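Notebook open, model loaded. I'm jotting down what I look up as I go.

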Amino acid sequence: MANVNETAVSEFLLLGLTDDPALQSLIFSIFLSMYLITILGNLLIILAVSFDSHLHTPMYFFLSNLSFNDICLITSTVPKMLVNILREDQSITYTGCLSQVCFVLVFGGLENCLLAVMTYDRYVAICHPLIYTVIMNPHLHVLLVLLSLVISIVYALLHTLMVLRLSFCTDLEIPHFFCELAQIIKLACSDILINNVLVYLVAGLFAGVPLFGIIFSYIHIVSSVFRMPSSEEKHKAFSTCGSHLSVVSLFYGTGFGVYISSVVTDSSRKTAVASVMYSVVTQMLNPFICSLRNREMKGALRKLISRTASPP
């Protein structure tokens, strides 16, 4: 096949999750429902934290940022998929595809960083409670979010700019429902060694450092909890970490599952189905995990709903 320069590429084709036309309406209904549930659930978390003064703490500040990030992450992939199903058109422009790659990397990376920052917050609160307010002051938790955002943007731009150097063949079909970095690199006809090395090197560093920090922090958290004298203090400490640990397990567990599925199967379509877990399902479940296992959050949500439902 003759190579074409990347500037000549006008569009890619997103093949989606299935080739069966009869299943398209079902997939549309399922993903539209998941998208709306995700938007509503995370928006309720943000509003509850904003309107309840009792939740104006670093922990809930990070949680509201996580919810906003989840809205952005799912919005960068699902709406385009829904539009393509409605229009019966699988195409996405070259610029739109690279933009989608960039946004997915930014918000996926920011989720990774925010989970690590939230773990650090729980570590300070449980292991150093007497100086918690001194360490986790308003300036620091805003700085941590901004630093996470900057790191994620640099991470995303690095990969996106490296994709710009690639040239592509005439086969521009992506067996996925969004433009995933690994799938784009596979389509290239030019040398992709640098891109592959960069993916594994940067991803290993970018995901490995926060994950190591999370594991390190929870080792100290568990050790501190077991040293607490009363069972009530232990229960309170575990309850504050329970929802966060569940979100961390869901995010890294689904991400690791996608990696395993890509290794054990040659089917890109099966890998695409597995990637739904970390790119859609995780964002939908996060608000339920954070609210159902948190008494303060449930109280704030009840206040918000009653305030909204009551007449002026």
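Which residues form one aromatic cluster? I found Phe-12, Tyr-94 and Phe-168 in it. For pairing, I count rings of Phe, Tyr and Trp (its six-membered ring) with centres within 6.5 Å; planes under 30 degrees apart are stacked, over 60 edge-to-face, the rest tilted.

Ground rules: this is a predicted model, with local features needing pLDDT of at least 70 and side-chain atom pairs pLDDT 80 or more, while totals for chains, interfaces and linings use all residues. Residues are numbered from 1 along each chain as its sequence is written, and side-chain values use heavy atoms, with hydrogens and water left out.

Aromatics, continued. My search of the whole structure turned up eleven aromatic pairs. One of them is tilted, because the rings of Phe-31 and Phe-177 have centres 5.8 Å apart and planes at 55°. I noted that this pair links distant parts of the chain: Phe-31 is in helix α1 (residues 24-51), and Phe-177, 146 residues apart from it, is in the loop between β3 and α7 (181-187). Helices here are DSSP runs of H or I, at least four residues, and strands are runs of E, at least two, numbered from the N terminus. Phe-177 also pairs edge-to-face with Phe-178, at 4.9 Å centre to centre and 75° between the planes. Phe-31 and Phe-177 are both buried, and Phe-178 is buried as well. Buried means under 20% relative accessible area, exposed over 50%, partly exposed in between (1.4 Å probe, protein chains only).

Sheet. I see three strands in an open, mixed sheet, ordered β2-β1-β3. β2 (91-93) and β3 (173-174) are the edges, each pairing on one side only. Strands count as paired if DSSP finds at least two bridges between them; β1 (residues 11-14) and β2 have three and run antiparallel. Leu-13 sits opposite Ser-91 in β2.

Ser-76. I looked this one up in the loop between α2 (58-75) and α3 (78-87). Is Ser-76 buried or exposed? It is buried, because its relative accessible area is 14%. A polar atom of its side chain lies 2.6 Å from the backbone oxygen of Leu-73. Leaving out residues up to four places away in sequence, Ser-76 touches Gln-100, Phe-103 and Val-104; contact means heavy atoms within 4.5 Å.

Last check. The unreviewed UniProt entry lists transmembrane regions, including residues 59-78 and 98-120. I get 90% helix for 59-78, with end C-alpha atoms 29 Å apart. For 98-120 I get 100% helix and 33 Å.

How values were computed
UniProt positions renumbered as here; feature names shortened; annotations may be inferred. Polar contact = N/O pair within 3.5 Å; in protein donor to acceptor, adjacent residues only side chain to side chain.
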